[in-house]
Every structure is written in structure tokens, then in C-alpha cells.
Amino acid sequence: MLKIIVTSPDEVFGGALAAALSGAPDVGDCSMLAMEEAAAVAEEGNTDVLVLHAGPVEPPDVARLAAAAPVLVLGTGSAEEMIASVEAGAMGYVDADSPFETIAETVRSLAKGVATVEPKLLGALLRHVVERRRAEREARKALDVLTPRENQVFSLLAQGLDSGDLAEQLFISSQTVRTHTQRIMTKLDLHSRSELVALAARCGLDLEPIPGEEAQ
Amino acid sequence: MSFEAPDWTTATPEKVGEVWVRREGDQTAIYDPKTGLLYALNASALALWELCDGGTTAPEMAEALSELTGVATESTLEDVVSTLEPLLDQGLVSVAAVDAG
């Protein structure tokens, strides 16, 4: 049986949706909660799908909720909003004005682990991903000047590892890490760790939040 | 006209001619006034047809699908090709190969 959380600034809409979902035979628990409470409950685990109804959709909210449970965004149906939602981590997106059956079916898809967006928006999403990947490939060409080892150090620096962690992970000394770092910064004409992280992001590398320290 | 099968690893399919498009729910009808034929496309086929701009390769489409679905690119490339081949047969797209250099 599915456990679903609905969060919406519109209590009438959110309440009605939660009540309708609760009536589905495969739904065990569906609650309408305020955003903060929804995030807290989802973070406890066991939530199959979190339905976020918002207008406008705030990507940071999506990202926060998506870290705790699969998020279905119910939005305005615009391609831009759908792309921002998916980029922020939403697993599904449909127009909030869609029929209840469409929303319920999308919830079930997400619960099965199937990412689902409004069919009419699929082309725009594919186009966006193709263009982003092209831009990432282009940005990655800048890294061709690095040696394989420097590439490795670059990736780990971008993931937020400090010199000590990096030295430990690569079985090299901290001094060698510093030398690699200096060379990387010079070759790529970078002046700070944040510039390095920004380049890594443009290259499409997976990044973790980093402390606010500057590279040497 | 060549009837050789395209090399889908480099092909850049492109929509052909003027067609009329009408969306109805998850299905889309494409009417080709030149031939008088009507085609029905599902959402995935329509999305791929929309990407046929003469500059996007089938592997690029497959990579994007793979990223969105979590399915391996080898499988999504098969899906892309099996979607595009009928469109090619029906004359809704044409294919030019990218010079691999």
C-alpha cells in the first residue's frame, strides 16, 4: 500500500487531492501537510511519493523534498517550469489542472520508480537534455589539457574534498596534492575553488556541497 | 533516392516537408497534405520526431532518454531507432549522415 504526502499552499486543492488519493484501493496513507511538515515526515523515510503543488514552483523546495522522497510536481504546465522542476530533482511533473486519474496514474508510476512527465512536454525536456549534454561535452574539452591524474584531482576537488582527504584517497602526499592543484588552476586559468566548481558543474560532473574555502 | 539503411550511429534525422499536427491527449495526429496520409504518434514518438532537426544524432537522443529513464543507452538507442525507422519509411523524416571525419 502506498504512502503519499500532498503539500500545497492551496488547502482546498491539496485537501481534495489528498482525500481523493486516500480513496484509491492501493493507497494506504495519504496526508495533506504544510511544506515544512511534509519535508520532515518525508525525511523519516517510507514515503512512496510526495506530491508538491505549487505555483510558482521553487526549485530549492523541489530539491529539498526530492532528497527525501520521489517528488511529483503539479505545476502550471509550462515547459520552463517542468524543466526547472526536473533539474531540481523532481521525478515527475504534470499540469495541476490535469484530470485526477492522470495525477493518480503518475503517482503510481513514480511509486514504481518510473520517471514521468506530461506527455506534451516530453519533447521540450528531451531537447533541453540534449542541449545541456552538448554544452557539457563542449565544456569538458577544456579539461583535455589536464593529465589523467590531474583530471582525477580536479574531480575530487570539485566534489569538495580537502587536500588531506584527497591525499588519503589517492595515496599521495598533501604536498603532491598541492602541486597538482596549482598546475590545474594554472592550466585552466582558474583563481578559486568556486571557479573550479563552476567549471565542473558546466562539465556535468556530479558535485557535492563544498566548504567555502578558496583554493590555494 | 537511396534505399540504403542509414547508419544510426551518425545519422541526423530531419523532419520532412510541411505537415499539420494535431494533439489529442497522449496521441498526436500528423497529416501530410502532400500524400494525404494521416499518422498517429504516441508521446515518445512525437518527442523524438520533434528532435529531428537535422543536427541531432540518434545517439544524442538515446543518451538524453537514458538520462531521463535510467535505462542503458544501448537499449534506448534501439528504442530510438525502432521509433525513427517507421518515420523514415513513411517519409516523415529524412536522414543525412554526419561526416565522422
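## Helix H10 of chain A

Helix H7 (148–158) of chain A is among the elements that cover the buried residues of H10(A). In this predicted model, helix H10 spans residues 193–202 of chain A, and its buried residues are Arg193(A), Leu196(A), Val197(A) and Ala200(A). These residues lie on the same side of H10(A), because the arc they cover around the axis is only 100 degrees. An α-helix has 3.6 residues a turn, so residues three or four places apart point the same way.

Arg202(A) also belongs to helix H10 of chain A. Arg202(A) counts as partly exposed because it has 15 C-beta neighbours inside 10 Å, whereas a buried residue needs 20 or more. Leaving out residues up to four places away in sequence, Arg202(A) touches Glu136(A) and Ala139(A). Between Arg202(A) and Ala79(A) the C-alpha to C-alpha distance is 22 Å, with a separation of 123 residues in sequence. After H10(A) comes Gly204(A), which has a positive phi, near 80 degrees.

## Domains of chain A

Chain A has two assigned parts: domain 1 covers residues 2–128 and domain 2 covers residues 146–202. A distance of 38 Å separates the C-alpha centres of domain 1 of chain A and domain 2 of chain A.

In soluble globular proteins, nonpolar side chains tend to be buried together. Here the largest nonpolar core comprises 64 residues, and the residues with the most contacts inside it are Leu50(A), Val51(A), Val71(A), Leu126(A) and Met61(B). H1(B) supplies the largest share of this core, with six residues. Another core, of eleven residues, lies apart from it and includes Ala158(A), Leu166(A), Val177(A) and Ile184(A).

Which residues surround Val71(A), once its neighbours within four places in sequence are left aside? Val71(A) is in contact with Leu50(A), Leu52(A), Val62(A), Leu65(A), Ala66(A), Gly89(A), Ala90(A) and Met91(A).

## Fold and dimensions of chain B

Chain B contains three helices and five strands. Read from the N terminus, the order of its elements is β-β-β-β-α-α-α-β. Among contacts in chain B between residues at least 6 apart in sequence, 54% join residues at least 24 apart.

The C-alpha trace of chain B extends about 35 × 35 × 20 Å along its principal axes. Its radius of gyration is 14 Å, which agrees with the value near 13 Å that a compact globule of 101 residues would have. Of the 101 residues in chain B, 29% are buried.

Definitions and conventions:
Residues numbered from 1 in each chain as written. Chains lettered and ligands numbered in written order. Predicted model: local features only at pLDDT ≥ 70, side-chain atom pairs only at ≥ 80, totals over all residues. Helix = DSSP H or I, 4+ residues; strand = E, 2+ residues; numbered from the N terminus. Rg over C-alpha atoms; globule rule 2.2 N^0.38 Å. Buried ≥ 20, exposed ≤ 12 C-beta atoms within 10 Å, placed from the backbone. Contact = placed C-beta atoms within 7 Å. Core = buried A, V, L, I, M, F, W, Y, C linked by C-beta atoms within 7 Å. Arc of directions from axis to C-beta. Domains from an automatic or database assignment.
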